[in-house]
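Dear colleague,

Please find the structure below for your files. My notes on what was found in it follow directly after.

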Amino acid sequence: QQLRFVYESDMLATPTMPVVLASPGFWVKEQNSGIDWVKVLHGEQSLTLHRALPVAATVVGELKVTHLVDKGADKGALLVHERRIYEQASGDLLATLSGTTFCRGDGGFSQEQGNGPAGGDAPPPAKPACPSTPPDATCAMPTMAQAALLYRLCSDLNPLHADPAVAQAAGFKRPILHGLATYGAVGHAILKTWCGYDPARLKSLGLRFAGPVFPGETIDVDMWRTELGVQFQARVAARDALVISHGVAEVEGV
């Protein structure tokens with residue numbers, strides 16, 4: 001079942017692929033962004049699929065910043081963005097992505113403008129927390145030691161995921177796995193456990209990044225079937241660390 005996603009015979013596209021399609025790249029590193037890029041972290045990611053992804057197509061992405069939330073000079077800022085992915089030939093909307101970037105070194109901008117200690121835009125509604133009951137299913141997703149070096153070829157060239165000196169400057173003992181690589185591993189767990197590897201059944205997937213994953217670690221995804229769909233969180237058992245929280249997936253037939 002997995003082979004159809006990586007082998008050109010009777011091929012399928014993974015439903016989480018839009019998170020790296022038509023990406024603008026690591027644009028917060030550009031000097032005119034005004035952002036302290038060394039201190040940015042991926043905070044949340046959501047995906048809504050409007051139709052099944054074609055195996056081959058030219059796609060166009062349109063990105064806009066929707067919210068700038070000032071949490072204060074000592075707490076940083078939230079940058080919320082939305083990207084729409086269109087198939088170029090037909091103009092059809094394939095997917096809508098929304099994400100939150102935690103700019104740890106950029107809080108206090110509204111205070112500088114005389115608008116009080118914290119302000120900017122109001123944050124989007126919070127994602128729902130997972131149930132406190134035992135999960136209905138758990139799926140272990142191992143990662144490779146080279147995962148971050150391979151994943152950065154998907155478009156995210158942030159040195160945090162490759163350069164030990166940059167990782168240490170950001171407060172980590174070594175380079176961490178991309179948030180979207182963890183997102184893909186969690187998406188795989190949902191696809192395997194609840195979709196029977198049928199990508200058309202996954203309609204949306206949203207989550208919060210609760211902690212870093214280091215390449216080579218195994219991600220244990222705990223999942224609950226609720227009135228919201230499939231709620232989930234993920235842990236690295238070897239460190240007793242929560243790495244994904246507030247996850248919700250809409251799955252057809254669940």
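Predicted model: local features only at pLDDT ≥ 70, side-chain atom pairs only at ≥ 80, totals over all residues.

In which strand is L94 found? L94 is found in strand β4, which covers residues 93–103; strands (E, at least two residues) and helices (H or I, at least four residues) are DSSP runs, numbered from the N terminus.

Residues are numbered from 1 along each chain as its sequence is written, and side-chain values use heavy atoms, with hydrogens and water left out.

Overall architecture

The chain has four helices and 10 strands. Read from the N terminus, the order of these elements is β-β-β-β-α-β-β-α-α-α-β-β-β-β. The C-alpha trace spans about 55 × 45 × 40 Å along its principal axes. For 254 residues, a compact globule would have a radius of gyration near 18 Å, and the value of 18 Å for the chain agrees with this. That radius is taken over C-alpha atoms, and the globule rule is 2.2 Å times the number of residues to the power 0.38.

Of the 254 residues, 44% count as buried. Here buried means under 20% relative accessible area, exposed means over 50%, and partly exposed lies in between (1.4 Å probe, protein chains only). The accessible surface of the chain is about 12,700 Å², and carbon and sulfur atoms contribute 52% of it; the areas come from the Shrake-Rupley method with a 1.4 Å probe, and for residues only the protein chains shown count as cover.

Among contacts in the chain with a separation of 6 or more, 69% are between residues 24 or more positions apart. A contact means heavy atoms within 4.5 Å.

As for charge, the chain carries 21 positive and 25 negative side chains, and the centres of the two sets lie 3 Å apart. Lys and Arg count as positive and Asp and Glu as negative, while His and the chain ends are not counted. Each charge is placed at NZ of Lys, CZ of Arg, CG of Asp or CD of Glu.

Cysteines

A search of the whole structure finds zero disulfides, a disulfide being a pair of cysteine sulfur atoms within 2.5 Å.

Individual positions

To return to L94, this residue is buried, with a relative accessible area of 1%. Leaving aside neighbours within four places in sequence, L94 is in contact with residues including T48, L49, H50, V59, I85 and Y86. The C-alpha atoms of L94 and P18 are separated by 8.3 Å, although the two residues are 76 apart along the chain.

D106 is buried, with a relative accessible area of 17%. Not counting residues up to four places away in sequence, D106 touches G34, I35, D36, G76 and A77. From D106 to G34 the C-alpha separation is 8.6 Å, and these residues are 72 apart along the chain.

F172 is in the loop between α3 (164–169) and α4, and counts as buried at 13% relative accessibility. Beyond four places in sequence, the contacts of F172 are L41, R104, L160, A167 and P212. F172 and F214 are 42 residues apart in sequence and 9.8 Å apart in space, C-alpha to C-alpha.

T182 belongs to helix α4 (residues 179–194). T182 is buried at 4% relative accessibility and, with residues up to four places away not counted, touches L177, V213, I219 and I244.

D240 lies in the loop between β9 (229–236) and β10 (241–251), whereas H246 is found in strand β10. Is each of them buried or exposed? D240 counts as exposed at 75% relative accessibility, while H246 counts as buried at 18%.

With kind regards
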